[in-house]
Structures are given as C-alpha cells and as structure tokens.
Amino acid sequence: MIVEMSKGATKDQVDHVVERAHSFGFDVQLNLGTEKTVVAILGSDTGKVQTDVFAILPGVESVTRVMKPYKLASREFHPRPSKINVSGVEVGGQRVVIMAGPCAVESEKQLMETAKAVKELGAAVVRGGAFKPRTSPFSFQGLERDALKMLAKVKSDLGIPVITEVVDIQNIGLIAKHADILQVGARNMQNFALLKELSKLRHPILLKRGLSATVTEWLTAADYLLAEGNRRIILCERGIRTFEDSIRFSVDISSIAVVKHFSHLPIIVDPSHAAGHFAYVPSIAKAAIAAGADGLLIEVHPNPEEALVDGLQSLNIPNFERLMAELRPIAEAVGRYI
Ligand code: PEP
Ligand code: MN
C-alpha cells in the first residue's frame, strides 16, 4: 500500500502514518520527495487492512493499493525517475552512460589499454570481470583479487569509475572496497540471499535481468535490493531466452518502455551478452538508445582473437570508436547526449 501525503504535510502527520502502520506489524519506507512524502506500507498481508485506516489520517492525500508484487521499485512509491550517482557520473539523467571494457580482466596491460581507449572515446565507466560466473566449472573463472587490484588502479590512475560482478556473499566487502558499481549477473537475479546482503550496502548495484525472468520478477528482485534502504539500483536488460536461436539471447527492447512506465529505476542495456557476436552489437546498442535506455554495457577487447572469455562478442577498439560515433546522433535525437 502506498500512502501519499499532501504537499506541506507535517513531520508529525507522517510519523502518525508510520506509527499506525507499525501498530499492524507492517514495515514502512519513506520517500521524502522534494514536494511530497510518500510512505510505502510493506508486508505480505497489507491486503487485510482497509485503505480507509490510512486515508482518514491528517495530512494524507491518497492511499493506493499496489497490485504488483514489487513496491519500492514502483512509480507509485517514487513517482520521479531516480538518478543514481556513481562516483560523480549520473545514471538516469540526460547523459547516456556508456560502460565498456573487457568481459574478464586478463592482465594489467589488457585492462589498462582497454580502459584508456574507451575513456578517450567517451565511456563513463570501465567494466571488467574479476569473478566470472561461467556455465562450465572448467572455464576460466577470472583473476579474482588480482583483477580487483587492477580495476582499482584503473580507477585511481584514470579517474574513471569501475564496475565488476559480485557472485557470492563472502566477497561483497572485498568488491565494494575496489569497485564503484557491483554487478549482479543474470544467473544471480533471484539469488535472494545475495540480494539481501547487497541491500545493506549504499553502493550502486547493477541488477541484470535473469535469462528467463519477466519484468515483474525482475522488479520484484530489485525490491530485495531496495528493502534495506539501498536506493542506488540500476537495471540492465541483457536479453532473454526465447525460441530464437540465431543469436544468444533476444533483447527485449520493449522492456525499456515497460520498466520506465512502472518503475523509477534507471535501465541500461547490455547488447554484447545478447548478441553473442560482435557484428550484432551496434544495431542492438543503437536501438536501445533510441528506445530510451539510460546507458549501455559493452564488451570491448584490444585483441578479441586472444580474449580468454567472450572474444566473439567483444568489439575491438576501432569498432567501438565507430559505434560511439554512430550512437551520438541517436542520443541527440532523443534529447540526450553521450
Ligand atoms: C557479464 O556481464 O560479464 C555477464 C556474465 O553477463 P550476464 O550475467 O548478463 O550473462
Ligand atoms: Mn562476457
């Protein structure tokens, strides 16, 4: 249930709503907007309480039942789009934020060379996998701690934020120390124990859509991240499994519009993991920006032929340069910039 306070409602009036909710055993979360405060009443059995119980309280403008399973990620709770500050880079604002870099960190040279090039070409964040969630246990699993140190060096030497994936609870603290954004991979979208721990952080989290998750399941997973007060959540559409087998995953372009309609969270698109082939990356990337995505997560490798992971879908530097040039006019056409 979402209780919207009137403009100018006093703190006492908000407190009264909160106390009433607590008296029923419900949790609450406040969205202290610049104009109005919105109170989310949280609990699995809020349906048993009539909306009038809150509507009658002084300072309350309206009470809405949220029929969707997610509440904190919803527009009812937070009517305006959220803008997430990532070490000085705003995600969800006018700028389309390009995050680029290798699938996996392979060496300091490989990472630094890629980072310098993508930064020069306009990327705002550098990506690089340290812990890799591989389908097979016999595939390269990442350089782990060493990769985190290399990412931290990129951050300090080049002054650019970095993103890397967190695959388990025990490494959260370590990764949070080195990275600006913690990525939850598609395979972990419903790893609720991991999401609960990440909710305790105040670091930005990128939540990828699960391989076969609906938008509703994805936004409900985002509620786990928001539940303990972490507000800095970014969504990432990376393609879903469909009957189409000519590419790895089908990018659900419509999810950009659907997410923007139902949620305040920013959404970016990863064309690389969907495409599975570098030739398809540019067209998906361009479509995503035209459709209103707040950014892109793109795999770039200085020498894809030698890549230990995902070489086929990685853009080399000249291809990334060409793509960036093609993306700029599209961003401008939809009132944004890169
Ligand atoms: C990644 O971005 O490195 C990755 C493994 O992606 P996904 O979780 O979308 O498969
Ligand atoms: Mn990859």
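Author: Buried here means under 20% relative accessible area, exposed over 50%, and partly exposed in between, with a 1.4 Å probe and protein chains only. This is a predicted model, where local features need pLDDT of at least 70 and side-chain atom pairs count only at pLDDT 80 or more, while totals for chains, interfaces and linings use all residues. Residues are numbered from 1 along each chain as its sequence is written.

Reader: Which residues are exposed on the other side of α8?

Author: Start with the buried ones: in α8, residues 254-262, these are S255, I256 and V259. Seen down the helix axis they fall within an arc of 105 degrees (taken from the directions from the axis to the C-beta atoms), so they line one face of α8. The exposed residues on the other side are A257 and H261.

Reader: How is α6 oriented to α7: roughly parallel or oblique?

Author: Helix α6 (residues 192-199) packs against α7 at about 40 degrees, with the axes 6 Å apart. Angles under 35 degrees count as roughly parallel, over 145 as roughly antiparallel, 65 to 115 as roughly perpendicular, and the rest as oblique. That makes α6, relative to α7, oblique.

Reader: Where does D310, one of the residues coordinating the manganese ion (ligand 2), sit?

Author: The ion is held by C103 (SG), H273 (NE2), E299 (OE) and D310 (OD) at 2.0 to 2.3 Å. Donors are N, O and S atoms within 2.8 Å of the metal (3.2 Å for Na, K and Ca), and water is not among the atoms, so sites may look incomplete. Both E299 and D310 are buried. E299 belongs to strand β14 (residues 295-299), and D310, 11 residues apart from it, lies in the loop between β14 and α11.

How values were computed. Chains are lettered from A and ligands numbered from 1 in the order in which they are written. Side-chain values use heavy atoms; hydrogens and water are left out. Helices (H or I, at least four residues) and strands (E, at least two) are DSSP runs, numbered from the N terminus. Axes are lines fitted to C-alpha atoms, for helices over the stretch in contact, and angles run from 0 to 180 degrees between N-to-C directions.
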